[in-house]
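These entries record what I looked up, one topic at a time.

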Amino acid sequence: MRNKENIDLRAIWHPDLSGRRGPKYLQIIAAMAEDIASGDLPAGACLPPHRVLAWQLGLSPNTTSRAYAEGVKRALLRGEVGRGTFVRVPSSRPTGGEAGDLRRQGHGPVDLSRNLPLAGLAEPHVRRVLDEITRGPGLSAMLDDQTDADLSRHAGAAVRWLALCGLEAAPEEIIATNGAQHGLFCTLMALCRPGDLLLVEALSYASLRGIADRLGLKLRAVAMDAEGLCPASLEEICCGTSPKALYLTPTLQTPTAATLSYERRRTIARIARRHDLILIEDDVFGPLKPDRPVAIAVLAPERTIYVTSLSKCVAPGLRVGYLRVPGELGPALRHAVNLSIWMTPPVTSEIAARLILDGTAAHLIAAQRHAAARRQGLARRVLSDFDYASDPHGLHIWLPLSAGWRADTFRLAAEGRGVLVAEGQRFAAHPADSPESVRLCLSHEPSETRLHDGLAAIATLLQNRK
């Protein structure tokens, strides 16, 4: 049936360009986007060959070829060698109502799409700290504006947290943020200007594309292999261009679950020095992996901005993060934080500080490691017949799809079986290079029974296509 539908659509799709302005290839893209949104071009439809469309519209084949290439770049289309150009299955949101989408419902679709630590472990400890704050004498001051002098206790907690992450840092080198994403946004806002080139791993943090686009930055992907970022690719790019910075996640990388070896970290530090490259090291998952190599910030402290947060290790709603910043970059970063939020919320920062200083944060990290190891074991049992990448201390796995599956159609099929997954396109620095893989997150679902059922449904889908 699909083949018949594709043949029909090849014959009948004829974009209406009347009344449109601008380059013809962009007019085709605009018409295509409208037809996809209206359903006139349904997901999976095969477009006419670009030469056929060019003949229909009275345009040159170069114009329609450029339009199709732009459609792939914008993740509207996907090209398959020898088969044609198809409309992508659109992204969709979990069902259940907007208010509940961020909550762990315990019913409805099994959500393997959100990369969050296990919920609930921190609740009794945060409840205790809140009780101490409300009964103590300092609450009134925490509800007032704060200065650096007022926050010296919080700075001491930040030093302790970075020590848990394996870094020595002086209080003046640390900047508090509202979580790691806020820290990343402030870092790029402070250090880069519109048009600057930012290097990223070929598969990277899903929100980075949006941040870079908002700040007017150009992205270029550095090649990866099973271990993570390839230094040879980084060297080649640096020799041919003048990038401003490299953003990377060396430990428990998302989505691939890879961890860079000590040798690769040292090589990346050397390349950065040779080409005067700023390194932005996102280590939000680092504390979960006890056997990780030292942070790149230890190997190249003079040019590395180290990004960390409590949200992936302690509690996702505790939006407290820290930047460890080389001294000469500190003023610009502090200014960016002040511009964006003026100050981190004192009450939230106090909760984090107390959890860190009394040892509770370290205890919660250990608890998250245990939960991750248990759930990774569950995944190994359910998916034992399939190859995937994972780490025993990680919160997710990276599943390459077998022949016959495309990531967008697999996601749609999984949704049909009541399971939500994240497809590879979401993480690709350039959508045209999207891998046929999906990320499965193991810690968002509170119930291991539901997690097992979701993974079993995934295994059935994979088995049926063997």
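Entry 1. I worked from a predicted model. I located Glu 172 in the loop between helix 7 (152-164) and strand 4 (174-177). I noted that Glu 172 is exposed, because its relative accessible area is 61% and the cut-off for exposed is over 50%. I then looked up Arg 324, which is 152 residues from Glu 172 along the chain, and found their C-alpha atoms separated by 9.1 Å.

Entry 2. I turned to salt bridges, for which the count is 25. I looked up the one between the side chains of Arg 264 and Glu 227, with an N to O distance of 3.5 Å. Arg 264 lies in helix 11 and Glu 227 in the loop between strand 7 (224-225) and strand 8 (228-229), so this pair ties together parts 37 residues apart in sequence. I recorded Arg 264 as buried at 17% relative accessible area, and Glu 227 as partly exposed at 26%.

Entry 3. I found a salt bridge between Glu 448 and Arg 374, whose closest N and O atoms are 2.7 Å apart. This pair links distant parts of the chain, since Glu 448 is in helix 17 (residues 448-464) and Arg 374 in helix 15 (residues 360-382), 74 residues apart.

Entry 4. I examined helix 5 (residues 123-135) and helix 14 (residues 346-357), which pack at an angle of about 115° with their axes 10 Å apart. I noted that their crossing is right-handed. Among the residues that meet there are Arg 128 and Glu 132 in helix 5, and Glu 350 and Arg 354 in helix 14. I found that these four residues and Asp 358 are linked in a network of salt bridges.

Conventions: Residues numbered from 1 in each chain as written. Predicted model: local features only at pLDDT ≥ 70, side-chain atom pairs only at ≥ 80, totals over all residues. Heavy atoms only, no water. Helix = DSSP H or I, 4+ residues; strand = E, 2+ residues; numbered from the N terminus. Buried < 20%, exposed > 50% of the residue type's maximum accessible area, 1.4 Å probe, protein only. Axes fitted to C-alpha atoms, helices over the stretch in contact; angles between N-to-C directions. Left-handed = near helix turned anticlockwise from the far one by under 90°. Contact = heavy atoms within 4.5 Å.
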